[in-house]
Amino acid sequence: MLTLRGGGPRRGASLSNLGLVKDGALLVRDSVIATVGTRAEVEKLPEARAAEKLDLGGRVALPGFVDSHTHLVHAASRAEEYELKIAGASYEEIARKGGGILNSVNKLRAATADELKKRAKAALRQFAAHGTTTVEAKSGYGLDVASELKILKLHKELAAQQPLEVASTFLGAHVVPEEFRKKADGAERYIKLLEESLLPAIAEHKLAEFCDVFCDRGAFTVAQAKRVLQAGRQWGLAPRMHAEQLSRTGASQLGMLLRAVSCDHLEQVNKKDIQAFGKTETVATLLPGCDFHLGLKKYAPARELIEAGAIVALATDYNPGTSPTLSMPMILSLACTQLRMTPAEAIAAATINGAYALRREKRVGSLEVNKQADIAVFEVADYREIPYYFGVNHCWMTLKRGRAIHAANEPTT
Ligand SMILES: [Zn+2]
(Lines give C-alpha, C1' and ligand atoms only; values in the text may rest on other atoms or scores of the structure.)
Protein backbone atom coordinates (compact mmCIF):
# COMPACT_ATOMS: atom_id res chain seq x y z
CA MET A 1 0.00 0.00 0.00
CA LEU A 2 1.33 3.41 -1.00
CA THR A 3 0.03 5.85 1.61
CA LEU A 4 1.79 9.05 0.44
CA ARG A 5 1.56 10.00 4.12
CA GLY A 6 3.37 12.95 5.59
CA GLY A 7 1.50 15.84 4.11
CA GLY A 8 1.90 17.75 0.93
CA PRO A 9 3.04 19.30 -1.19
CA ARG A 10 6.08 17.23 -2.11
CA ARG A 11 9.25 18.89 -3.37
CA GLY A 12 12.68 17.58 -4.35
CA ALA A 13 13.70 14.35 -2.62
CA SER A 14 10.38 14.08 -0.74
CA LEU A 15 8.66 13.52 -4.10
CA SER A 16 10.09 9.98 -4.02
CA ASN A 17 8.65 9.13 -0.62
CA LEU A 18 5.57 7.01 -1.19
CA GLY A 19 5.02 5.97 2.43
CA LEU A 20 4.98 2.32 1.39
CA VAL A 21 3.44 -0.16 3.84
CA LYS A 22 4.00 -3.84 3.06
CA ASP A 23 0.93 -5.98 3.69
CA GLY A 24 -0.97 -2.80 4.49
CA ALA A 25 -4.60 -2.34 5.45
CA LEU A 26 -6.94 0.47 6.26
CA LEU A 27 -10.21 0.86 8.07
CA VAL A 28 -12.88 3.08 6.55
CA ARG A 29 -15.62 4.65 8.62
CA ASP A 30 -18.37 6.72 6.95
CA SER A 31 -16.37 7.22 3.73
CA VAL A 32 -13.32 8.48 5.63
CA ILE A 33 -10.11 6.64 6.58
CA ALA A 34 -10.20 5.80 10.30
CA THR A 35 -6.96 3.78 10.60
CA VAL A 36 -4.00 2.98 8.34
CA GLY A 37 -1.24 0.50 9.08
CA THR A 38 -0.11 -3.04 8.51
CA ARG A 39 -2.78 -5.70 8.20
CA ALA A 40 -1.76 -7.16 11.57
CA GLU A 41 -2.17 -3.79 13.27
CA VAL A 42 -5.52 -2.99 11.70
CA GLU A 43 -6.99 -6.47 12.17
CA LYS A 44 -6.36 -6.25 15.92
CA LEU A 45 -8.88 -3.43 16.31
CA PRO A 46 -12.35 -4.52 17.53
CA GLU A 47 -13.98 -2.18 15.02
CA ALA A 48 -12.01 -3.78 12.18
CA ARG A 49 -13.14 -7.25 13.22
CA ALA A 50 -16.75 -6.18 12.96
CA ALA A 51 -16.28 -4.34 9.66
CA GLU A 52 -17.12 -5.55 6.17
CA LYS A 53 -13.87 -6.86 4.71
CA LEU A 54 -12.48 -6.28 1.23
CA ASP A 55 -9.47 -8.45 0.43
CA LEU A 56 -7.31 -6.90 -2.29
CA GLY A 57 -5.37 -10.13 -2.71
CA GLY A 58 -1.87 -8.71 -2.46
CA ARG A 59 -2.39 -6.13 -5.22
CA VAL A 60 -1.00 -2.59 -5.05
CA ALA A 61 -3.28 0.04 -3.50
CA LEU A 62 -2.62 3.78 -3.68
CA PRO A 63 -4.58 7.03 -3.38
CA GLY A 64 -6.96 7.58 -6.28
CA PHE A 65 -5.31 9.80 -8.90
CA VAL A 66 -6.11 13.52 -8.76
CA ASP A 67 -6.21 14.78 -12.34
CA SER A 68 -5.75 18.52 -11.94
CA HIS A 69 -6.03 19.58 -15.60
CA THR A 70 -8.77 18.40 -17.98
CA HIS A 71 -11.06 19.88 -20.59
CA LEU A 72 -13.77 17.37 -19.66
CA VAL A 73 -16.78 18.81 -21.47
CA HIS A 74 -16.43 18.83 -25.25
CA ALA A 75 -18.65 17.75 -28.11
CA ALA A 76 -16.50 15.50 -30.27
CA SER A 77 -13.02 14.28 -31.10
CA ARG A 78 -10.79 16.07 -33.61
CA ALA A 79 -9.59 12.91 -35.28
CA GLU A 80 -9.71 14.69 -38.67
CA GLU A 81 -6.89 17.01 -37.49
CA TYR A 82 -4.84 14.05 -36.26
CA GLU A 83 -4.03 13.09 -39.84
CA LEU A 84 -3.10 16.67 -40.74
CA LYS A 85 -0.71 16.74 -37.78
CA ILE A 86 0.86 13.46 -38.81
CA ALA A 87 1.33 14.88 -42.31
CA GLY A 88 3.33 17.71 -40.75
CA ALA A 89 0.91 20.59 -40.05
CA SER A 90 1.68 22.34 -36.76
CA TYR A 91 -0.89 22.96 -34.05
CA GLU A 92 -0.81 26.66 -34.89
CA GLU A 93 -1.19 26.10 -38.67
CA ILE A 94 -4.27 24.00 -38.03
CA ALA A 95 -5.64 26.71 -35.74
CA ARG A 96 -5.17 29.37 -38.45
CA LYS A 97 -7.28 27.27 -40.85
CA GLY A 98 -10.22 27.29 -38.43
CA GLY A 99 -9.24 24.02 -36.81
CA GLY A 100 -7.95 23.64 -33.30
CA ILE A 101 -9.83 25.16 -30.39
CA LEU A 102 -12.24 27.07 -32.67
CA ASN A 103 -13.23 23.77 -34.29
CA SER A 104 -14.19 22.46 -30.84
CA VAL A 105 -16.00 25.73 -30.10
CA ASN A 106 -18.23 25.38 -33.16
CA LYS A 107 -19.06 21.80 -32.25
CA LEU A 108 -19.78 22.65 -28.62
CA ARG A 109 -22.03 25.59 -29.42
CA ALA A 110 -24.10 23.32 -31.69
CA ALA A 111 -24.38 20.52 -29.13
CA THR A 112 -27.19 20.25 -26.57
CA ALA A 113 -26.44 20.08 -22.85
CA ASP A 114 -27.81 16.51 -22.82
CA GLU A 115 -25.41 15.37 -25.55
CA LEU A 116 -22.48 16.97 -23.79
CA LYS A 117 -23.45 15.48 -20.47
CA LYS A 118 -23.75 11.98 -21.89
CA ARG A 119 -20.24 12.22 -23.35
CA ALA A 120 -18.74 13.67 -20.17
CA LYS A 121 -20.39 11.01 -18.00
CA ALA A 122 -18.96 8.25 -20.18
CA ALA A 123 -15.54 9.89 -19.87
CA LEU A 124 -15.85 10.10 -16.08
CA ARG A 125 -16.59 6.36 -15.94
CA GLN A 126 -13.39 5.82 -17.92
CA PHE A 127 -11.41 8.10 -15.60
CA ALA A 128 -12.63 5.95 -12.70
CA ALA A 129 -11.72 2.77 -14.60
CA HIS A 130 -8.13 4.06 -14.81
CA GLY A 131 -7.87 4.83 -11.09
CA THR A 132 -8.79 8.53 -11.05
CA THR A 133 -11.13 9.73 -8.31
CA THR A 134 -10.95 13.54 -8.59
CA VAL A 135 -10.83 15.62 -11.77
CA GLU A 136 -10.56 19.29 -12.53
CA ALA A 137 -12.71 20.39 -15.48
CA LYS A 138 -12.35 23.55 -17.55
CA SER A 139 -14.82 25.46 -19.68
CA GLY A 140 -13.34 27.23 -22.70
CA TYR A 141 -15.00 25.62 -25.72
CA GLY A 142 -18.04 27.89 -25.44
CA LEU A 143 -16.53 31.39 -25.61
CA ASP A 144 -19.88 33.13 -25.45
CA VAL A 145 -22.05 33.78 -22.43
CA ALA A 146 -24.65 31.06 -23.04
CA SER A 147 -22.18 28.37 -24.09
CA GLU A 148 -19.68 28.98 -21.28
CA LEU A 149 -22.50 28.87 -18.73
CA LYS A 150 -23.79 25.69 -20.39
CA ILE A 151 -20.43 23.99 -19.69
CA LEU A 152 -20.05 25.32 -16.15
CA LYS A 153 -23.57 24.27 -15.22
CA LEU A 154 -22.74 20.80 -16.52
CA HIS A 155 -19.69 20.68 -14.21
CA LYS A 156 -22.01 21.34 -11.30
CA GLU A 157 -24.56 18.74 -12.41
CA LEU A 158 -21.86 16.14 -13.07
CA ALA A 159 -20.35 16.76 -9.64
CA ALA A 160 -23.76 16.02 -8.08
CA GLN A 161 -24.85 13.12 -10.28
CA GLN A 162 -21.88 10.75 -10.44
CA PRO A 163 -19.28 9.63 -7.88
CA LEU A 164 -16.11 11.43 -9.03
CA GLU A 165 -15.32 14.81 -7.57
CA VAL A 166 -15.31 17.56 -10.24
CA ALA A 167 -13.44 20.82 -9.56
CA SER A 168 -14.77 23.49 -11.92
CA THR A 169 -12.54 26.02 -13.68
CA PHE A 170 -13.64 28.95 -15.83
CA LEU A 171 -11.44 29.17 -18.93
CA GLY A 172 -13.34 31.84 -20.86
CA ALA A 173 -9.93 33.21 -21.87
CA HIS A 174 -8.99 30.11 -23.87
CA VAL A 175 -8.71 31.92 -27.23
CA VAL A 176 -10.43 34.97 -28.71
CA PRO A 177 -13.61 33.71 -30.41
CA GLU A 178 -14.06 34.06 -34.18
CA GLU A 179 -16.73 36.77 -33.96
CA PHE A 180 -14.38 39.06 -31.99
CA ARG A 181 -11.32 38.50 -34.18
CA LYS A 182 -12.75 40.58 -37.01
CA LYS A 183 -13.25 43.62 -34.74
CA ALA A 184 -10.67 46.22 -33.79
CA ASP A 185 -9.52 45.57 -30.21
CA GLY A 186 -11.30 42.24 -30.42
CA ALA A 187 -9.38 40.65 -27.57
CA GLU A 188 -9.99 43.64 -25.29
CA ARG A 189 -13.68 43.66 -26.09
CA TYR A 190 -13.93 39.94 -25.44
CA ILE A 191 -12.19 40.33 -22.05
CA LYS A 192 -14.73 43.03 -21.24
CA LEU A 193 -17.49 40.50 -21.90
CA LEU A 194 -15.81 38.07 -19.49
CA GLU A 195 -15.50 40.77 -16.84
CA GLU A 196 -18.95 42.28 -17.17
CA SER A 197 -21.23 39.42 -18.17
CA LEU A 198 -19.65 36.07 -17.43
CA LEU A 199 -17.77 36.45 -14.14
CA PRO A 200 -20.71 38.00 -12.23
CA ALA A 201 -23.03 35.19 -13.40
CA ILE A 202 -20.46 32.51 -12.49
CA ALA A 203 -19.98 33.97 -9.02
CA GLU A 204 -23.70 34.39 -8.43
CA HIS A 205 -24.43 30.72 -9.19
CA LYS A 206 -21.13 29.40 -7.74
CA LEU A 207 -20.22 27.69 -11.01
CA ALA A 208 -16.42 27.70 -10.68
CA GLU A 209 -13.61 27.65 -8.10
CA PHE A 210 -10.80 28.65 -10.42
CA CYS A 211 -10.15 31.08 -13.27
CA ASP A 212 -7.69 29.96 -15.97
CA VAL A 213 -6.11 31.75 -18.97
CA PHE A 214 -4.33 30.34 -22.00
CA CYS A 215 -1.47 32.84 -22.01
CA ASP A 216 0.61 32.10 -25.10
CA ARG A 217 1.43 33.01 -28.68
CA GLY A 218 -1.87 33.05 -30.59
CA ALA A 219 -3.97 33.24 -27.41
CA PHE A 220 -3.77 35.93 -24.68
CA THR A 221 -0.82 38.19 -23.80
CA VAL A 222 0.66 38.43 -20.31
CA ALA A 223 -1.03 41.82 -19.77
CA GLN A 224 -4.41 40.45 -20.88
CA ALA A 225 -3.97 37.36 -18.72
CA LYS A 226 -3.25 39.53 -15.72
CA ARG A 227 -6.43 41.48 -16.29
CA VAL A 228 -8.56 38.33 -16.58
CA LEU A 229 -7.04 36.62 -13.53
CA GLN A 230 -7.41 39.73 -11.39
CA ALA A 231 -11.04 40.07 -12.46
CA GLY A 232 -11.59 36.41 -11.63
CA ARG A 233 -10.06 36.87 -8.20
CA GLN A 234 -12.39 39.80 -7.49
CA TRP A 235 -15.26 37.36 -8.00
CA GLY A 236 -13.65 34.79 -5.70
CA LEU A 237 -12.03 32.57 -8.34
CA ALA A 238 -8.46 31.45 -7.61
CA PRO A 239 -6.08 31.89 -10.57
CA ARG A 240 -4.39 29.09 -12.54
CA MET A 241 -2.74 29.28 -15.96
CA HIS A 242 -1.80 27.60 -19.21
CA ALA A 243 1.79 28.87 -19.41
CA GLU A 244 4.91 28.55 -21.58
CA GLN A 245 3.56 25.81 -23.84
CA LEU A 246 4.19 27.08 -27.38
CA SER A 247 6.53 29.96 -26.56
CA ARG A 248 8.19 31.50 -23.51
CA THR A 249 6.07 34.58 -22.79
CA GLY A 250 6.68 35.22 -19.09
CA ALA A 251 3.28 33.73 -18.24
CA SER A 252 4.67 31.60 -15.42
CA GLN A 253 6.34 34.62 -13.79
CA LEU A 254 2.94 36.33 -13.86
CA GLY A 255 1.34 33.22 -12.37
CA MET A 256 3.80 33.17 -9.48
CA LEU A 257 3.40 36.92 -8.95
CA LEU A 258 -0.37 36.50 -8.69
CA ARG A 259 0.12 33.44 -6.45
CA ALA A 260 -1.67 31.25 -8.97
CA VAL A 261 -2.58 27.81 -7.67
CA SER A 262 -0.81 26.22 -10.64
CA CYS A 263 1.00 26.97 -13.90
CA ASP A 264 0.51 24.20 -16.42
CA HIS A 265 2.50 22.93 -19.47
CA LEU A 266 5.89 24.72 -19.02
CA GLU A 267 7.65 23.12 -22.00
CA GLN A 268 9.36 26.46 -22.80
CA VAL A 269 10.36 27.70 -19.32
CA ASN A 270 13.85 29.17 -18.94
CA LYS A 271 16.39 28.78 -16.11
CA LYS A 272 15.07 31.81 -14.22
CA ASP A 273 11.53 30.41 -14.32
CA ILE A 274 12.75 27.02 -13.08
CA GLN A 275 14.55 28.60 -10.12
CA ALA A 276 11.47 30.67 -9.28
CA PHE A 277 9.28 27.53 -9.19
CA GLY A 278 11.58 26.19 -6.50
CA LYS A 279 10.61 29.05 -4.21
CA THR A 280 6.87 29.36 -4.80
CA GLU A 281 3.69 27.62 -3.68
CA THR A 282 2.48 27.72 -7.30
CA VAL A 283 2.44 24.15 -8.61
CA ALA A 284 4.33 23.30 -11.82
CA THR A 285 1.88 20.97 -13.57
CA LEU A 286 3.31 18.95 -16.44
CA LEU A 287 1.19 17.51 -19.24
CA PRO A 288 3.34 15.09 -21.24
CA GLY A 289 0.31 13.57 -23.01
CA CYS A 290 0.09 16.76 -25.01
CA ASP A 291 3.65 16.60 -26.36
CA PHE A 292 3.26 12.88 -27.04
CA HIS A 293 0.05 13.31 -29.03
CA LEU A 294 1.43 16.25 -31.02
CA GLY A 295 4.62 14.30 -31.70
CA LEU A 296 6.80 17.02 -30.19
CA LYS A 297 10.36 16.39 -29.08
CA LYS A 298 10.55 19.06 -26.40
CA TYR A 299 8.97 18.01 -23.13
CA ALA A 300 8.92 20.13 -19.98
CA PRO A 301 12.20 20.07 -17.99
CA ALA A 302 10.86 17.92 -15.16
CA ARG A 303 14.25 16.95 -13.71
CA GLU A 304 15.43 20.54 -13.46
CA LEU A 305 12.13 21.57 -11.88
CA ILE A 306 12.35 18.77 -9.31
CA GLU A 307 15.98 19.57 -8.56
CA ALA A 308 15.11 23.26 -8.12
CA GLY A 309 12.52 22.22 -5.51
CA ALA A 310 9.36 22.94 -7.52
CA ILE A 311 6.05 21.33 -6.56
CA VAL A 312 5.66 19.16 -9.66
CA ALA A 313 2.27 17.67 -10.51
CA LEU A 314 1.17 15.53 -13.48
CA ALA A 315 -2.19 15.66 -15.25
CA THR A 316 -3.72 14.23 -18.42
CA ASP A 317 -4.87 17.52 -20.04
CA TYR A 318 -7.73 15.35 -21.38
CA ASN A 319 -8.99 17.32 -24.41
CA PRO A 320 -9.93 16.55 -28.02
CA GLY A 321 -7.18 18.55 -29.72
CA THR A 322 -3.86 17.92 -28.04
CA SER A 323 -4.24 15.17 -25.43
CA PRO A 324 -7.15 12.81 -26.01
CA THR A 325 -6.41 10.49 -23.11
CA LEU A 326 -7.95 10.13 -19.68
CA SER A 327 -5.48 7.48 -18.58
CA MET A 328 -3.29 8.63 -15.70
CA PRO A 329 -1.30 5.36 -15.87
CA MET A 330 -0.33 6.29 -19.45
CA ILE A 331 0.72 9.75 -18.24
CA LEU A 332 2.89 8.05 -15.60
CA SER A 333 4.53 5.99 -18.36
CA LEU A 334 5.26 9.17 -20.35
CA ALA A 335 6.54 10.92 -17.22
CA CYS A 336 9.01 8.09 -16.67
CA THR A 337 10.28 7.65 -20.22
CA GLN A 338 10.04 11.22 -21.54
CA LEU A 339 10.34 13.42 -18.44
CA ARG A 340 12.81 11.04 -16.74
CA MET A 341 10.82 11.01 -13.54
CA THR A 342 11.04 7.87 -11.42
CA PRO A 343 7.88 5.79 -10.94
CA ALA A 344 7.74 7.00 -7.32
CA GLU A 345 8.04 10.67 -8.30
CA ALA A 346 5.40 10.26 -10.99
CA ILE A 347 2.93 8.66 -8.56
CA ALA A 348 3.40 11.42 -5.97
CA ALA A 349 2.98 14.05 -8.71
CA ALA A 350 -0.31 12.45 -9.80
CA THR A 351 -1.77 12.08 -6.29
CA ILE A 352 -0.74 14.35 -3.40
CA ASN A 353 0.69 17.13 -5.58
CA GLY A 354 -2.32 16.99 -7.90
CA ALA A 355 -4.49 17.39 -4.80
CA TYR A 356 -2.42 20.41 -3.78
CA ALA A 357 -2.91 21.89 -7.26
CA LEU A 358 -6.68 21.71 -6.62
CA ARG A 359 -6.48 22.91 -3.00
CA ARG A 360 -7.78 19.55 -1.83
CA GLU A 361 -4.63 18.22 -0.14
CA LYS A 362 -6.38 18.05 3.23
CA ARG A 363 -9.07 15.72 1.88
CA VAL A 364 -7.58 13.66 -0.98
CA GLY A 365 -4.25 12.63 -2.51
CA SER A 366 -2.95 10.36 0.28
CA LEU A 367 -4.18 7.47 2.42
CA GLU A 368 -4.13 9.01 5.89
CA VAL A 369 -6.48 9.19 8.85
CA ASN A 370 -9.39 11.63 8.33
CA LYS A 371 -8.93 11.74 4.57
CA GLN A 372 -11.49 10.48 2.08
CA ALA A 373 -11.17 6.77 1.30
CA ASP A 374 -10.34 7.38 -2.38
CA ILE A 375 -8.33 4.36 -3.45
CA ALA A 376 -7.02 2.89 -6.71
CA VAL A 377 -6.05 -0.78 -6.76
CA PHE A 378 -3.77 -2.15 -9.48
CA GLU A 379 -3.35 -5.74 -10.58
CA VAL A 380 0.44 -5.62 -10.26
CA ALA A 381 2.99 -7.06 -7.86
CA ASP A 382 5.12 -3.90 -7.61
CA TYR A 383 4.06 -0.25 -7.93
CA ARG A 384 6.74 0.34 -10.58
CA GLU A 385 4.76 -1.90 -12.90
CA ILE A 386 1.99 0.73 -13.10
CA PRO A 387 4.01 2.96 -15.48
CA TYR A 388 6.08 0.03 -16.79
CA TYR A 389 3.13 -1.66 -18.54
CA PHE A 390 2.34 1.26 -20.84
CA GLY A 391 -0.88 1.48 -22.81
CA VAL A 392 -2.59 -1.28 -20.83
CA ASN A 393 -4.98 -0.62 -18.01
CA HIS A 394 -4.23 -2.71 -14.93
CA CYS A 395 -6.58 -0.82 -12.63
CA TRP A 396 -8.45 -3.59 -10.81
CA MET A 397 -10.69 -1.56 -8.56
CA THR A 398 -11.39 2.09 -7.77
CA LEU A 399 -13.06 3.29 -4.58
CA LYS A 400 -14.46 6.76 -4.00
CA ARG A 401 -15.34 7.69 -0.42
CA GLY A 402 -15.03 4.00 0.46
CA ARG A 403 -17.40 2.72 -2.23
CA ALA A 404 -16.34 0.72 -5.28
CA ILE A 405 -17.00 2.79 -8.40
CA HIS A 406 -15.06 0.52 -10.75
CA ALA A 407 -14.19 -3.16 -10.60
CA ALA A 408 -12.50 -5.18 -13.35
CA ASN A 409 -14.63 -8.14 -14.39
CA GLU A 410 -11.66 -10.25 -15.32
CA PRO A 411 -8.14 -10.36 -13.94
CA THR A 412 -6.19 -7.69 -15.83
CA THR A 413 -3.11 -9.88 -16.26
ZN1 LIG B 1 -5.31 22.57 -21.13
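Q: How does the lining of the largest cavity divide by class into nonpolar, polar and charged residues?

A: Before we start, keep in mind that this is a predicted model. To read a lining, you sort its residues by class. Here the lining of the largest cavity has four nonpolar, eight polar and two charged residues. There are 14 lining residues, and those nearest the centre are Tyr91, Ile101, His174, Asn319 and Thr322. The volume of this cavity is about 110 Å³.

Q: How many cavities of 30 Å³ or more does a search of the whole structure find?

A: A cavity is a space where a probe fits but cannot get out. The search turns up two of them. The second largest cavity holds about 30 Å³ of space. Its lining includes Pro63, Gly64, Val66 and Thr133, and also Gln372 and Asp374. By class, that lining has three nonpolar residues, five polar and one charged.

Q: What about spaces that are open? What volume does the largest pocket have?

A: A pocket, unlike a cavity, is an open set of points. The largest pocket in this model has a volume of about 1300 Å³. It is lined by 39 residues, and Gly24, Ala25, Leu26, Leu54 and Leu56 are the closest to its centre. Sorted by class, the lining has 22 nonpolar, five polar and 12 charged residues.

Q: Which element supplies the largest share of the lining of the largest pocket?

A: Look for strands and helices that send several residues to the lining. Strand S1 (24-29) has the largest share, with five residues. Others that give at least two residues each include helix H1 (39-43), helix H2 (46-50) and strand S13 (395-400).

Q: Are His69 and His71 buried or exposed?

A: Check the relative accessible area: under 20% means buried. His69 is at 0%, so it counts as buried. His71 has 3%, so His71 is buried too.

Methods
Residues numbered from 1 in each chain as written. Predicted model: local features only at pLDDT ≥ 70, side-chain atom pairs only at ≥ 80, totals over all residues. Heavy atoms only, no water. Buried < 20%, exposed > 50% of the residue type's maximum accessible area, 1.4 Å probe, protein only. 1 Å grid on protein atoms, 1.4 Å probe; cavity = no way out; pocket = protein on both sides within 12 Å on 5 of 7 lines; lining within 4 Å. Points joined across faces, edges and corners; volume = space filled by probe spheres on them. Helix = DSSP H or I, 4+ residues; strand = E, 2+ residues; numbered from the N terminus. Nonpolar A, V, L, I, M, F, W, Y, C, P; charged D, E, K, R; others polar.
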